[in-house]
Amino acid sequence: MLGPETELKISFGYQCNGIEDISCKSINGYKILPYFPRTSSFSCLSGAAVSANATLANTNICNGVIGEEILPSLDSPKSFRKIPSSPSLSKLDILSSSLHSSFSNLSCSPSTQSDMFDYDACMVSAPCKSEGFLNAMEVQVAGGAAGEDRVQAVCSEENGWLFCGIYDGFNGRDAADFLACTLYDTIISYFNMLYFDLESDSIKASNSLDLGGSSQYELDERQSRSQKSFSYAVLDSLQRALNQVENDFLYMVEQEMEDRPDLVSVGSCVLLALLHGENLYTLNLGDSRAVLATCSMDGGMSGKERRMKAIQLTDIHTVDNEAERAQLLAGHPDDPKAIVAGKVKGKLKVTCAFGVGYLKKKILNDALMGILRVRDLISPPYISIQPSLNVHRISSSDQFAIVASDGLFDFFSNDEAVELAESYILSNPFGDPAKFLVEQLIARAADSAGFSTEELMNVPAGRRRKYHDDVTVIVIILGMNQRTSKASTCI
């Protein structure tokens, strides 16, 4: 539907080689998805995005170092490419020249969350490439930008794992840029520490880690206590890495807010998906969403009553969520204006987000002038950095996962998105379901506005935000019979 001349900013694919039979089969006349023996995490991945927001060509964060020097080396829109493990960590040393103190102080800013492990949280040196959890000599990377959205996908052929991150920025692109160039490497550093704890057999089960109401992880008879502890430790590492990058970002904002007071209002939602073995880990902060498509046999094993069921793996952190609303009000009992006009302090609908320092620290709020400043900031922080965490053990019934920013779900319910993706995959086993979902969204947005698709896509970015948000979608088809050996571009 959309040609290469349109503003479909990102479209990338990663397809497995060596699959002998990928044709769709039928059971009792019902067409089913291609079967892949579950010997690894996924068979293919596709990603697509379209922009709606106008955004600056370059970010000035850290004196332009991130936008001009680091991000271009990480972003490779429309393709996967092999790069050495941890590509950007060594480059981040150049940030020290733009700050009033050394990068070691920036990267070792104190973390205030979980105390599951006792170790130094410095992120200065690149991790060892020869050993460590989620480490590899070479990885395949794709990523890019669409409006204020940023997306990353990283996979390792030799170790069989996949990492996906969607950063839905708002009030500017700086926070999403910062996440795109620092979060993955920070996660790898924490996982390396986890590996050494694993080697020394020092991982302990923890009851302090809040998995949220969406946890799908259950310890079955085949799993040991140490395996369960390891899964909890992975989630703890993801959360610690997020807290670390948040501390680094807000520290940097404080250093630069005199020259760039707008940085105090810049933020981003964060959605991470990590496939490792039979486990699908998710971390969510904000209103992006991960949805699992799993096969349900309501009418027995005949297949006649087979249907695809959508399971949401992540919580939604907005004031429209009654639980989130109640928690926010309970946390600020002395502030009758914690929620104004359906927004936190009249500013944001999300209750959890990365950045947005003016709703977290009084000193950052004071940097704003006039109506931009939040009046009566009685008891900050009002926006939380506590993510929802989940680990789902993949079964033979699980078919694919949709990982997307909230723009997709402005137009489609979970069930509708799963139904559309399933229908497309059945007809196009080597196609790009993420791009198809974006195309269907554009068609629906155009119809709602009374435009043709072409007319809507010709509306300039910024003005088009009236009709749809920036949208980023990743579809991960689960299971495969041979490790991925070749990257392919789907445009």
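How many aromatic pairs does the structure hold? The structure holds 5 aromatic pairs, where rings of Phe, Tyr and Trp (its six-membered ring) pair if their centres lie within 6.5 Å, with planes under 30 degrees apart counted as stacked, over 60 as edge-to-face and the rest as tilted. The model is predicted, with local features requiring pLDDT of at least 70 and side-chain atom pairs counted only at pLDDT 80 or more, while totals for chains, interfaces and linings use all residues. Residues are numbered from 1 along each chain as its sequence is written, and side-chain values use heavy atoms, with hydrogens and water left out.

The rings of Tyr424 and Phe436 are stacked, because their centres are 4.7 Å apart and their planes are at 20°. This pair links distant parts of the chain, with Tyr424 in helix H8 (residues 414–427) and Phe436 in helix H9 (residues 433–449), 12 residues apart. Helices (H or I, at least four residues) and strands (E, at least two) are DSSP runs, numbered from the N terminus. Tyr424 counts as buried at 17% relative accessibility; buried means under 20% relative accessible area, exposed over 50%, and partly exposed in between (1.4 Å probe, protein chains only). Ring pairs also link Phe178, Phe249 and Phe354 into a cluster.

The protein contains 10 helices and 18 strands, and 58% of its 491 residues count as buried. Among contacts (heavy atoms within 4.5 Å) with a separation of 6 or more, 76% are accounted for by residues 24 or more positions apart. Strand E17 (residues 398–404) is mostly covered, with 7 of its 7 residues buried. E17 runs antiparallel to strand E18 (residues 471–478), to which 5 bridges join it; two strands pair if DSSP finds at least two bridges between them. Within this pairing, Ala401 stands opposite Ile476 in E18.

The largest nonpolar core has 75 residues, of which Phe163, Tyr167, Leu183, Phe249, Val270, Leu272 and Phe354 touch the most other members. A nonpolar core is a set of buried Ala, Val, Leu, Ile, Met, Phe, Trp, Tyr and Cys residues joined through side-chain atoms within 4.5 Å. Elements that give two or more residues to this core include helix H1 (65–74), strand E8 (161–170), helix H3 (174–199), helix H4 (225–256) and strand E9 (267–276). H3 supplies the largest share, 14 residues. A second, separate core of 31 residues includes Ala404, Ala434, Leu437 and Val473. Leaving aside neighbours within four places in sequence, Tyr167 is in contact with residues including Glu148, Arg150, Ala176, Leu183, Val270 and Leu272.

Salt bridges number 13, a salt bridge being a side-chain nitrogen of Lys or Arg within 4 Å of a carboxyl oxygen of Asp or Glu. The side chains of Arg150 and Asp177 meet in one of them (2.7 Å, N to O). Arg150 lies in strand E7 (residues 149–156) and Asp177 in helix H3, so this pair ties together parts that are 27 residues apart in sequence. Arg150 is buried, with a relative accessible area of 2%, and Asp177 is buried at 0%. Arg150, Arg173 and Asp177 are linked in a network of salt bridges.

Another salt bridge joins Lys345 and Asp335, whose closest N and O atoms are 2.9 Å apart. Lys345 is buried, with a relative accessible area of 9%, as is Asp335, with 5%. Glu416 forms a salt bridge with Arg444, the closest N and O atoms being 3.7 Å apart. Because Glu416 lies in helix H8 and Arg444 in helix H9, the pair ties together parts that are 28 residues apart in sequence. Glu416 is partly exposed, with a relative accessible area of 31%, and Arg444 is partly exposed, with 35%.

Asn171 is placed in the loop between E8 and H3 and counts as partly exposed at 44% relative accessibility. Asn171 and Val266 are 95 residues apart in sequence but 4.9 Å apart in space, C-alpha to C-alpha. Beyond its neighbours within four places in sequence, Asn171 is in contact with Glu148, Ser265, Val266 and Leu348.
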